[in-house]
Amino acid sequence: MSGQTVPADFSGHMLDLDEDEDLEVFSKNTSLADGSSMPNSPSSLVNQYRLEEDEEDQQYASTKDIFITVDNPESHVTAIETFIMYRVLTKTTRSEFDSSEYEVRRRYQDFLWLRGRLEENHPTLIVHPLPEKFVMKGMVERFNDDFIETRRKALHRFLNKISEHPILSCSPHFKVFLTAQELTSHKKQGPGFLSRMGETVRAVANSVRGLRSRPEEFVVMQEYVEDFSNKVSSVDKVTQRIIKEQREYVDELKQYSPTYIQWAGSEEMLAEPLKGVASCVERCGKETEDQIQHMSEVLVPALHEYVLCAETLKAVMRRRDNIQAEFEAKNEALASRKVDQEALQEEVDALADRVELANNALKGDWSRWQSSMRHDLRSAFISTAEKNVEYYEKCLAVWESFLLSQRVEPMEQRDGEDVS
Amino acid sequence: SPPLYDHLFSCLSKENLIPCPHPSMVEKGTNLLRKMEINVVEAEKRTGKNTVNMQETYTVYLIETRPAETVPEGGTPATPDTLWRRYSEFELLRTYLLVTYPYIVIPPLPEKRVSDAYLEGKVKNLYKFKFVWHKLSADNLDPDFVERRRGGLENFLLRVASHSVLSNDEIFFHFLTEGWRERVLETGFQDKADSRLKSLSAMFRVKNPDKRFTALKHYCDELNTVISQLLRVRARVADRLYGVYKVHGNYGRVFSEWSAIEKEMGDGLQSAGHHMDTYAASIDDILEEEEHYADQLKEYLFYTDAVRSVCRKHELIQYELEMAAQDLTHKKQQKEELATGTVRVFSLKGMTSKLFGQESQEQRESRLAALEQSIQEGEEAVKEKNTECQEFVRTAWEDIERFKEQKDKDLREALISYAIMQISMCKKGIQVWSNAKECFNKM
């Protein structure tokens, strides 16, 4: 792929647009809360995305029109605090952008701000999660190299996921994030903290009232979200446990080689085969470390992201419920009150529209998300399986070369007798 | 007499050999194993009263023997002769061999009792995982332990039966066939065993040990240390590897549950989960095979004791020789003093004769004569002991060379079979993960 900015593993995956329901969303002529305009036409969108397999990520380059990288973490020290700044590099051919290349520096808080605004403006769209603020278990320091690198990768994925989202990537906040040299001034604009508070209060109030009836498809979705959250957390835990066991295994394995070497020191005829075995065990140990590394860098982050996604989905479901609850509340009020019918009716109508918008947005984004999830996790599992095959192949070669050195045919000699 | 005995006699007489109780009179190279198939085929629990009239449960092992002849096409092999022996009888046999052939490296027996490490392994695995590698019970009646011991006992018998000297021992033959207990007690080896035990545990210093034996002893010490360590590390590595594989079993369970809520991903996840279950289950066989490797190492760990035993015997004989020579020298000096009247070495007799007057000529002459006699006896003793020592060194070193060759061959084969095991494990891994990848592709 021509974009050196896009890593091979996660980003660059494609939407599966065999399903027609995706197209339905984009054919509605609606404007969104933040005032951005919809992409020009559904067909242009269709052309932008194709079904893609991992190996063919290279072809993606021809249709992707924005490339974002997050790199170069640097420590910033001020009088009050120390924090990390990341470089965000954007290369794009999109017409909304004045230039084709942008380089800005952003800190984690800035990413939080962006995501907050995106969620606010699109409450029932599934906005990809950010890496967590800090890691509780393992007591990782904020400025530990591994932690910074893990976070950097996750931030990179976050921006790329946003850029691939048909609606979110058109957000003005997104554009500002990518382009403005100084973000502070932009952060102050727009619905601020207080309005967000008000939103939360209303949400709580509505949830207390309870939902009249959730549409069937969202009941199903809710159940799925619960189950998915459990399952993906379990897989995440199992994976972490595997890595832990592997690490302990490697630690013990490291004692093997020196013992064989020590033995070789007392022997004459046996010295050579003993040293051979020592070397094999050592090499297998290194391969195991490689395998652990791969799992930590590929599978663990992928699973972790979807654990966070599950939480995002729960939040989205809650917000959708609240929007419906708000409408139902006002609708009830309309039914009971006789005065102010007209004004109230307008409000209720607006809320009804809002509900419909929210539901449709979620429905549309739902299949996009599912597709994306399936692709991401599939590719992570495939990568892991491939690495495991490679691991065993390498170890196999190591032991076979030992057998060759002992002038034994590497076939099924069960009794260990010499093959003449 | 049992048919096998007849058959054995007929086989031996075919080669013009007569079975003889004295090992040195049988032609070298005869090998009982060529005449006879020996197997320890199974084990059984028995209860009986022991020597202090208390009820006890023990295990007996079935020894099968059968003439080792080629079976004609379509024919059936002869029915084997069988008898039961318990572990303590094997121990008795080995002690008899130790005492009777002190210059031979006697093959070791498998462990008498379940070791702490064995127990530890069981408890740990039960505690950590739902998948149980072994049941928790681990005493001498534990079926896995009994099975391993069965193999070890068979190995012991085969080692003895293939030894050019040991295989011709009549007591050994009777151990395999019948009526050995009375015979072995008749040999009176128990007394020898007791005195040997006493002498082996005694502390003595040898002035001129054969350097080869000293080096051999050091080598055995090193080998013992390093194999012990290797066995410990192996057990820990096996434990860890077990953990890695078994945790993958959880993938199987979760993938299966997850597949139930997915539409497109469902099939792929489900089938991948099955492969994870296969992967998790595969470690049991893998580690079972590896136990065989551990047993091979363990045999040589115990062999170091047998070799050290031979070294110790050499030291004992050498020491006895040195003592005899020293005694002779002392007597000769006494004679010289007596003859020349000079006192070079302090003796009470010398002092008292100085104090209380010289002894008479007759007395002196009689004393001289007695000394002469004693010196002659002493010279005979030294000569005998010297011969014994040389003969021991010669025969022992011959067996040690044989042992060294056997050790190098066996351990090299063990290392090779270990490599083959690893290759097999890798192939299984490749298979499982390739299959899993196919399933993930379908997600």
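Of the 420 residues of chain A, 51% count as buried, where buried means under 20% relative accessible area, exposed over 50% and partly exposed in between (1.4 Å probe, protein chains only). This is a predicted model, in which local features need pLDDT of at least 70 and side-chain atom pairs count only at pLDDT 80 or more, while totals for chains, interfaces and linings use all residues. Residues are numbered from 1 along each chain as its sequence is written, chains are lettered from A in the order in which they are written, and side-chain values use heavy atoms, with hydrogens and water left out.

**The two chains**

- Chain A has 13 helices and three strands; helices (H or I, at least four residues) and strands (E, at least two) are DSSP runs, numbered from the N terminus.
- Chain B comes to twelve helices and three strands, and buried residues make up 47% of its 443 residues.
- In chain A, 75% of the contacts between residues at least 6 apart in sequence join residues at least 24 apart, a contact being heavy atoms within 4.5 Å.
- In chain B, residues 24 or more positions apart account for 77% of the contacts with a separation of 6 or more.

- Helix 12 of chain A covers residues 299-336, and its 38 residues should span 56 Å at 1.5 Å a residue; the expected span is 1.5 Å times one less than the number of residues.
- The end C-alpha atoms of helix 12 of chain A are 55 Å apart, which agrees with that span.
- Because 28 of its 38 residues are buried, helix 12 of chain A is largely enclosed by the rest of the structure.
- Helix 13 of chain A has 65 residues and should span 96 Å; its end C-alpha atoms are 94 Å apart, which agrees.
- Just after helix 13 of chain A, Arg407(A) takes a positive phi of about 55°.

**The interface of chain A and chain B**

- Chain A and chain B bury about 5,900 Å² between them, 69% of it on carbon and sulfur atoms; buried area is the accessible area (1.4 Å probe) that two parts lose on being put together, summed over both.
- In chain A, Tyr256(A), Trp263(A) and Tyr392(A) lose the most area to chain B, together 13% of what that side buries.
- The contact takes 59 residues from chain A and 58 residues from chain B.
- Six salt bridges are found across the interface, each a side-chain nitrogen of Lys or Arg within 4 Å of a carboxyl oxygen of Asp or Glu.
- Glu252(A) and Arg236(B) meet through their side chains in a salt bridge (2.9 Å, N to O).
- On the side of chain A that touches chain B, the elements giving two or more residues are helix 9 (216-253), helix 10 (256-266), helix 11 (271-297) and helix 13 (341-405).
- Helix 13 of chain A gives the largest share of that side, 19 residues.

**Two residues at the interface**

- Tyr256(A) is found in helix 10 of chain A and is buried, with a relative accessible area of 1%.
- Leaving aside neighbours within four places in sequence, Tyr256(A) is in contact with Val281(A), Leu230(B), Val233(B), Arg234(B), Val237(B) and Tyr418(B).
- Asp408(B) is found in helix 12 (residues 361-441) of chain B and counts as buried at 17% relative accessibility.
- Leaving aside neighbours within four places in sequence, Asp408(B) is in contact with Glu267(A), Met269(A) and Leu270(A).
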